[in-house]
Amino acid sequence: MNGTPMADLIVVGGGLHGCSAALHAAKRGLSVIVIEKDNAGRHASGVNAGGVRRLGRNYAEVPISVRSMEIWHRIGDLVDDDCGFQRCPQIKVAETEAELETLEKRAADLRELGFTHEVIVDQQELRRLLPAVAPHCVGGLASLDDGFAIPYNTTFAFQRKARTLGVQFFEKTRVEKVRRDGNDWHVDTSAGTFIGRNLLNCAGAWAGEIARQLGEHAPIEAIAPMMIVTARMKRFCDAVVGGCGRPLSFKQAENGTVIIGGGRRGYPDPKTNKSEMRFSQLRYSAETAIGIFPIMKSATIVRSWAGIEGRMPDDIPVIGPSSTHENAFHAFGFSAHGFQLGPAVGELMAELIATGHTNAPIAPFSITRFAHS
């Protein structure tokens, strides 16, 4: 590098949340540098299931998820790319009456909070939406205006748009240390030192170390969600389907392949960037898919993979300012469901960094909730 790169904001991590925050910060006039130890979208942002869902979210996440869906519905206006986004129902299937009662309670709780996007569908409506669903399924909970997108296309679109606004990306650059020097942050990396007025930690499964260097406790766990893709099948599903009583993420792509994920995990090794499949668990995902869609008995698996993601103990992310330093911020630990939140979290983080405040309800996501753990 010639000279020391400097910017108003240094983002550590080039996943969707890092790229989104960088893009929104640039739109607010900030100069931005993104430092990524691998390539943008190399980990969770590029290999997740691509679900764009408000359905089934932790209640604390719902307001941000609703805002993010507003952005998703006009995603091309933001990044000049449709990101492969397709609007379709997201449906959580109940296989028993007890599961349906659980879903009915959730829908009622959300209505009391003022949200009406999740609706109960009875057995007849479920069969209309999912003609191939198994006969024993009794109903479900649906968010009819959600959808799915292509993860790596999305991350690259955010990165491309950010670049057009002047954001500098330094990939294959590993952050070794962050330190305060006067009013600035000095970020020592494998490619030299970067200087920024503000620091944003979007380092995913590796974010705990950045937090530690800031003097904050973030008990993040590296996990490796697994995915299955089948050979092409005749069209039978036009929704994204989850299970109520057992983990599942299930959808059929335009080309007929079926993508199955949802909760089963392999072995992550964040030190080497590698993950290993756990086939005994992967079998459960396949069995769940067959249980809810008997047509899947004839499916042929053609490939599978596991990405590396960061999970917090309470399964909701860390979003907000550092508790120990001014001008330092966090957005990590999305616990395998952060893809849909990316556009809105980037927007609110840029607002927080640029103005010092945000009206977004981020208090439940404070890093201080782990201070005494």
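The model is predicted: local features need pLDDT of at least 70, side-chain atom pairs count only at pLDDT 80 or more, and totals for chains, interfaces and linings use all residues. Residues are numbered from 1 along each chain as its sequence is written, and side-chain values use heavy atoms, without hydrogens and water.

**Helix H1**
- Helix H1 covers residues 16-27; helices (H or I, at least four residues) and strands (E, at least two) are DSSP runs, numbered from the N terminus.
- Its 12 residues should span 16 Å at 1.5 Å a residue, and the end C-alpha atoms are 16 Å apart, which agrees; the expected span is 1.5 Å times one less than the number of residues.
- H1 is largely enclosed by the rest of the structure, because 11 of its 12 residues are buried (under 20% relative accessible area, 1.4 Å probe, protein chains only).
- Among the buried residues are His17, Cys19 and His24.
- Glycine 29 follows H1 and has a positive phi, near 95°.

**Open sheet**
- Three strands run in the order E3-E8-E4, with antiparallel pairing; two strands pair if DSSP finds at least two bridges between them.
- E3 (51-52) and E4 (86-87) are at the edges with a single partner strand each, so one side of each lacks a neighbour in the sheet.
- E3 pairs with E8 (residues 147-148) over 2 bridges.
- Valine 52 has glycine 147 in E8 as its bridge partner.

**Second largest pocket**
- Its lining has 20 residues, with Ile150, Pro151, Tyr152, Ala253 and Ile259 nearest the centre; a pocket is an open set of points on a 1 Å grid over the protein atoms alone, where a 1.4 Å probe fits, with protein on both sides within 12 Å along at least five of seven lines, and lining residues have an atom within 4 Å of a point.
- Helices H2 (44-47) and H7 (151-164) and strands E14 (226-230) and E20 (301-306) each supply at least two lining residues.

Key
Buried means under 20% relative accessible area, exposed over 50%, partly exposed in between (1.4 Å probe, protein chains only).
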